[in-house]
Each structure stands twice: as C-alpha cells, then as structure tokens.
Amino acid sequence: MQKFFIPGAPGSAPGEARGPRAGVEEEEEEAGSAPPGSRKEAKRARLEASPSPGAPWKPIRAEGLSCDYTTLYGRAEADEIFRELEKEVEYFEGELTKLHIFGKWHDIPRKQVTYGDAGLTYTYSGVTFSPKPWIPVLNRIRDRVRLVTGHTFNFVLINRYKDGHDHIGEHRDDESELVPRSPIASVSFGARRDFIFRHGASRGKNPSRQIGPVKLQLDHGSLLMMNFPTNHYWYHSLPSRKKVLAPRINLTFRKIRTL
Ligand SMILES: O=C(O)CCC(=O)C(=O)O
Ligand SMILES: [Mn+2]
C-alpha cells in the first residue's frame, strides 16, 4: 500500500504456512513501563492474570493466505488500554492527513500516526520520515504481542476510525522496507469492525480466478497475525459500516529493515 513506504517489488515464491510462534527468534524481555511495586503495576499484574495469554488461536487459511486470530486482552484490560491510547497517542496533523491521488488531494478517511525505534526511517511520497519514539502504552502492547507470538516488532502504524464512516480501502502491506517474509501483527481496540481479504486474482471486472473473499470481524482486544505470504496474494480492507457509531483503534506492528 502506498502509505508510508516506497512500494516495492512483490514478494517472491510462496512459503509454508506459519503458525503464530513459527520461525520466532529468541529475544530477551524488555523492562515494563510502570515502576515495580507501584499501584499501577499491581493493577496491571491483576489484569494480566485474567483471560487472555493462552487464549486459543483460530487459524484462518485459504490459498496463499495464512492468518491466525486470538484474543490478546480480556475486556477490562482492553478497555483500560483503549482509554490510555485515546489519551496518549498523538496523530498526524496537517499535510500528513492528506493523500495525493491522480493529481488531487484527499483527506485520509481516518487518523494515522507511526511510532517506532530511534533511527528507523520510512518513506512517504518521496519524503523520508522518522517514527515518533515509543510511549509506555505502545511498549505494553508490543511486549504482549511478543509474549504470545515470539515476534519483536520495531515499528507500529496506528489508525483511528472515529466511527463506521472512517475506513481503509483495499491494499496489501507489501512494502519493500519491511523485513522479507515477516509477519504483521494487527491489534484492535474499540468497535468491532468487518475486515475483508480479497485475492488479487479475483479482483476487478475480469478476474482471472474465482476465489471467494475471506471475511472476519476484528474484536476489541484481538490480535490478527498476518503471516507470509498473505500480503503477497491477498488485499485487505476495513469497509465503511454506517451503523457503527463507536471509535476503533488499530495498531499494525511491523518489522522494518534496518541497514
Ligand atoms: O484497521 C485495520 O484493521 C487495518 C489497518 C491496515 O490495514 C493498515 O494500516 O495497513
Ligand atoms: Mn494494511
């Protein structure tokens, strides 16, 4: 998708389907963001003891599509994180909220921002940017994702949909700045929304293949792992849903190549 990265050549040959913890590198734990012994830390420990780590994974498979879905956070913890995201995340403003398509400027139909490791850069419309530095609530989610998947991510793109009018059109996350074959971890909070995958060969007026779409619902506190080669073959979108009145925040954790 031509959002923040220079669109690159599509990935190469399809690989094997990978489970949530397949091909995971071992990495040391990072320090938590609340001081040990504090009330905040105690509350977090209580919440973290409840439902989710260990929640079952639901494999989602189709030709060239390999995803895994789980509940990352129980209701109480997801509510708390949603509130903290609303308070702490600072979205892009001004020019960064517009897209230039076929000579016309359009407002992006949602809010966006990126956070990530110091020194990382990404390119958008020919301009190189740095992500904002990590903040505690994002470290907290990133650490949980690492705990349940074994994957460490160095970058996150955050999308905020104020209601069902906000959306994201069909695209693939196949930018050349991503580590080849790396998964993308998509964490959602707030309103449940439909999420649709469509195979590249079955799009448009004269599709060369008849492969049905794969439709999911992404819940408050959920994690969807999009594994290789999903983003090579399949496009995804979050369509408008006019009846949805509540906001939603989605975080896609990504591994960006470092030189
Ligand atoms: O909001 C979502 O669930 C998806 C966002 C997305 O696809 C993206 O930012 O690339
Ligand atoms: Mn995407």
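An open sheet of 4 strands, paired antiparallel, has the order 10-15-12-13. The model is predicted: local features need pLDDT of at least 70, side-chain atom pairs count only at pLDDT 80 or more, and totals for chains, interfaces and linings use all residues. Residues are numbered from 1 along each chain as its sequence is written, with chains lettered from A and ligands numbered from 1 in the order in which they are written.

**Exercise 1.** Find the edge strands of this sheet.

*Solution.* Strands (E, at least two residues) and helices (H or I, at least four) are DSSP runs, numbered from the N terminus. Two strands pair if DSSP finds at least two bridges between them. Strand 10 (168–171) and strand 13 (214–218) each pair on one side only, which makes them the edges. From one strand to the next, the twist averages 15°.

**Exercise 2.** Describe the largest nonpolar core and the contacts of A185.

*Solution.* Such a core is a set of buried Ala, Val, Leu, Ile, Met, Phe, Trp, Tyr and Cys residues joined through C-beta atoms within 7 Å; buried means 20 or more other C-beta atoms within 10 Å of the residue's own, the C-beta atoms being placed from the backbone. The largest core has 41 residues, and V145, V156 and A185 have the most contacts inside it. Helix 3 (residues 136–149) gives the most, 5 residues. Not counting residues up to four places away in sequence, A185 touches V145, T149, H151, F153, L223, M225 and F253, a contact being C-beta atoms within 7 Å.

Notes
A residue is buried if 20 or more other C-beta atoms lie within 10 Å of its own, exposed if 12 or fewer, and partly exposed in between; C-beta atoms are placed from the backbone. Two residues are in contact if their C-beta atoms, placed from the backbone, lie within 7 Å. Axes are lines fitted to C-alpha atoms, for helices over the stretch in contact, and angles run from 0 to 180 degrees between N-to-C directions.
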